[in-house]
Amino acid sequence: MEILYVVAEAAPFVKVGGLADVAYGLPRALRALGHDVRVILPRYRRINGSAYNLRPLRPPIPVPVGLTGETRLVEVEISEATGVPTYFIWEEHYFGRDEVYGYPDDPQRFIFFCRAVLAFMRHMDERPEVLHGNDWHTGFLFLWLATAGRRDRFYRPIATVFTIHNLSYQGITGDALLAFGGIHEHVDRLEVEPPGHINWLARGIAHADAVNTVSPRYAREILTPEFGFGLEPLLQRRADRLFGILNGLDPEAWDPRSDPALAARFDAGSLERRAENKRAVQQAFGLPVRGEIPLFAFIARLIEQKGVELLLETADALFARGIQLALLGNGMPEYEAAFAEWPSRFPGQAGVRIAFDENLSRLLYGGADVFLMPSKFEPCGLGQMIAMRYGALPLVHAVGGLADTVRDVSQEDGTGFVFAPFTGEAFLAAVDRALTLYRDPAAWRAVQRRAMAQDFSWTASARAYEDLYRRALAWHNP
C-alpha cells in the first residue's frame with residue numbers, strides 16, 4: 001500500500017514526547033512489511049538539516065489560505081536518514097520558531113500544515129492510497145477530505161486512518177478558522193463541540209474511515225465519562241470503527257547492549273553490570289553512592305496526567321521507606337517548583353533535574369531498580385516498555401497501555417508492580433511489594449530477566465495497522 005503518515009513531530013528529527021518515537025518506529029516497521037510509507041511533518045527551525053541530510057525536493061509549492069484565492073509558498077525538503085522518506089514543510093511565518101507547540105496561533109499553524117500536505121500530495125510520485133493522521137494537529141485533513149475533497153476526483157479515493165495518542169489534547173478553536181482553511185460549505189456542529197467552536201480532535205474521530213488509539217485498553221476506557229474527556233458520545237457513536245493497537249518499541253533504538261548513553265552496557269546475562277549505571281545515576285543526581293539502597297526513577301512531563309500529585313501527596317511516606325529517587329522532567333511551573341524542593345527536604349534521598357535530557361533518561365533506565373509510572377491515565381506509554389528492556393522494574397497504575405504491558409509480580413509471569421485504585425494507599429502498597437522483592441536478590445533477578453525478555457517490537461503492531469488500512473480502504477471504496 002501507498003501510505004502517507006502525517007504527524008507533528010518525528011524522531012530523530014524533532015521530539016517533544018512519545019508521539020515522535022511512534023512516528024519513527026511504525027513507518028520503519030511498515031516498510032519492512034513491504035509498504036511504501038512516507039512521513040511528512042513541519043520543518044521547524046530547530047531541526048538540524050545538515051545532520052539529517054535534508055535537501056530541497058522541488059520548486060516551492062503554492063498553498064491556498066482562506067477563501068480569497070491567496071496562497072503562500074512553501075518549500076519541501078526530504079531526508080532518508082531513517083530509511084523512510086521523510087518530507088518537511090517549511091514556511092517561515094508558521095514554523096520558523098524555537099518550539100514545536102505552545103504558541104497562541106498553533107491551530108492556524110497546523111491547519112496551514114494540513115493545507116500544505118494536501119497541496120503536496122498532488123506533487124508526489126504516487127497518490128497515497130491511505131492518509132494516516134495523528135492527533136488533533138492533523139484533524140483538519142479529515143474534515144477537508146470529507147467536504148471539499150469529496151468534489152475532487154484526485155482526493156476522493158484516498159482512505160483515511162486517524163490515531164489518537166492522547167485524548168486530553170483536543171485543539172478546540174473558534175469556527176472562524178474554517179474560512180482560514182478554505183472550507184466554503186456549512187459545517188454542522190458535532191454534539192461534542194461548544195457553540196461557535198471546532199474541536200479538531202473530534203473532527204478526526206468523526207470523519208476518518210477508521211480510528212484507533214495506541215492500546216486496546218485505552219480504546220475501551222475512552223468510551224466512558226471517566227476517560228473520555230467529553231468526547232465519549234462521539235466515540236460511542238463511532239465504536240464500530242474504533243480500534244486499539246498497542247505501540248511498539250524499536251529494539252535497535254533501545255538496546256542496553258549497545259546504548260552509548262550508558263556507563264556500562266549489559267544484557268540479561270550480565271545484569272551485575274547495571275551496578276555501574278546505578279552509581280553513575282547516583283553521581284549525576286548528587287545522591288550517595290550506595291548500591292544496597294533501592295533506587296527509584298521517575299521520567300516524565302510534569303503534568304497532572306503523569307501522577308505527579310500522587311508523588312507529592314505520598315512523598316513523606318515514600319522517603320520514610322529509605323529509598324532514593326531520581327526525578328527527571330519538566331512541565332508545569334508549580335510542579336517544577338514543588339519537586340525542586342525535594343533535595344533539600346529529603347537530603348541524600350532525592351535527586352531532581354528539571355529538564356528534558358535524552359541521554360540522562362537512558363542512563364536512568366539502565367541504572368534504576370524501580371521505574372515509577374503512576375499515571376492517572378495513559379493511552380499507551382513507552383517508558384514502562386523501555387524500563388523493562390533495560391532491567392528497571394516498572395511500578396504502574398492499572399490503566400490504558402500500562403495495564404496492557406505490565407503484569408504484577410503476584411502473577412506467575414509478573415514483570416512489575418501494578419496498583420489500583422488511583423490512591424496514595426494503593427501506590428504505597430505497590431512500593432512495599434517492590435521493596436519486599438528487592439530484599440530477595442535471586443527473585444528480583446528472575447523478574448528482571450522475565451521483563452527484559454518481553455517482545456515489544458513494532459512487528460506485531462505494524463501487522464495490526466496493515467489490517468486497519470485494509471479495513472479503511474474497504475470502507476472508503478466499497
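Mentor: A definition to begin with: a helix axis is a line fitted to C-alpha atoms over the stretch in contact, and angles between N-to-C directions run from 0 to 180 degrees. Please also keep in mind that this is a predicted model.

Trainee: Understood. At what angle do helix α10 and helix α11 pack?

Mentor: Helix α10, residues 308-319, packs against helix α11, residues 333-340, at about 30°, and their axes are 11 Å apart. Angles under 35 degrees count as roughly parallel, so α10 is roughly parallel to α11. Their crossing is left-handed.

Trainee: Which residues of α10 and α11 meet?

Mentor: On the α10 side they are Val308, Glu309, Leu311 and Leu312, and these meet Tyr335, Ala338 and Phe339 of α11. By class, this contact has six nonpolar residues, one charged residue and no polar ones.

Trainee: What about α16 and α17, how do their axes cross?

Mentor: The axes of α16 (residues 424-438) and α17 (residues 441-452) cross at roughly 115° and come within 7 Å. The two helices are therefore roughly perpendicular to each other.

Trainee: And which residues make that contact?

Mentor: Ala434, Leu437 and Tyr438 of α16 meet Pro441, Ala443, Trp444 and Val447 of α17. The residues of this contact comprise seven nonpolar, no polar and no charged.

Trainee: One more pair, please. Where do α9 and α13 stand in terms of angle and distance?

Mentor: Helix α9, residues 274-284, and helix α13, residues 358-367, have axes that come within 8 Å and cross at roughly 130°. That angle makes α9 oblique to α13. The crossing of α9 and α13 is left-handed.

Trainee: Which residues are involved there?

Mentor: From α9 the contact takes Arg274, Asn277, Lys278, Ala280, Val281 and Ala284, and from α13 it takes Leu360, Leu363, Leu364, Tyr365, Gly366 and Gly367. Those residues divide into seven nonpolar, three polar and two charged.

Trainee: Changing topic: how many residues does the largest nonpolar core have?

Mentor: It has 173 residues. Those with the most contacts inside it are Met121, Ile205, Leu325, Trp342, Leu395 and Phe427. Helix α3, residues 106-121, contributes the largest share of this core, with eleven residues.

Trainee: What is Met121 in contact with, beyond its neighbours within four places in sequence?

Mentor: With those neighbours left aside, Met121 is in contact with Leu4, Pro128, Leu131, Phe154, Tyr155 and Ile158.

Trainee: Now α4: is this helix mostly covered or mostly uncovered?

Mentor: Helix α4, residues 139-146, is mostly covered, with eight of its eight residues buried. They are Gly139, Phe140, Leu141, Phe142, Leu143, Trp144, Leu145 and Ala146.

Trainee: Last item, Ala219. Which helix does Ala219 lie in, and is it buried or exposed?

Mentor: Ala219 lies in helix α7, residues 216-221. Its relative accessible area is 8%, and buried means under 20%, so Ala219 is buried.

Trainee: What is Ala219 in contact with, leaving aside its neighbours within four places in sequence?

Mentor: Ala219 is then in contact with Thr213, Leu242, Phe243 and Gly244. As for Ile245, 26 residues apart from Ala219 along the chain, the C-alpha atoms of the two are separated by 8.6 Å.

Conventions: Residues numbered from 1 in each chain as written. Predicted model: local features only at pLDDT ≥ 70, side-chain atom pairs only at ≥ 80, totals over all residues. Heavy atoms only, no water. Core = buried A, V, L, I, M, F, W, Y, C linked by side-chain atoms within 4.5 Å. Buried < 20%, exposed > 50% of the residue type's maximum accessible area, 1.4 Å probe, protein only. Helix = DSSP H or I, 4+ residues; strand = E, 2+ residues; numbered from the N terminus. Contact = heavy atoms within 4.5 Å. Parallel < 35°, antiparallel > 145°, perpendicular 65-115°, else oblique. Left-handed = near helix turned anticlockwise from the far one by under 90°. Nonpolar A, V, L, I, M, F, W, Y, C, P; charged D, E, K, R; others polar.
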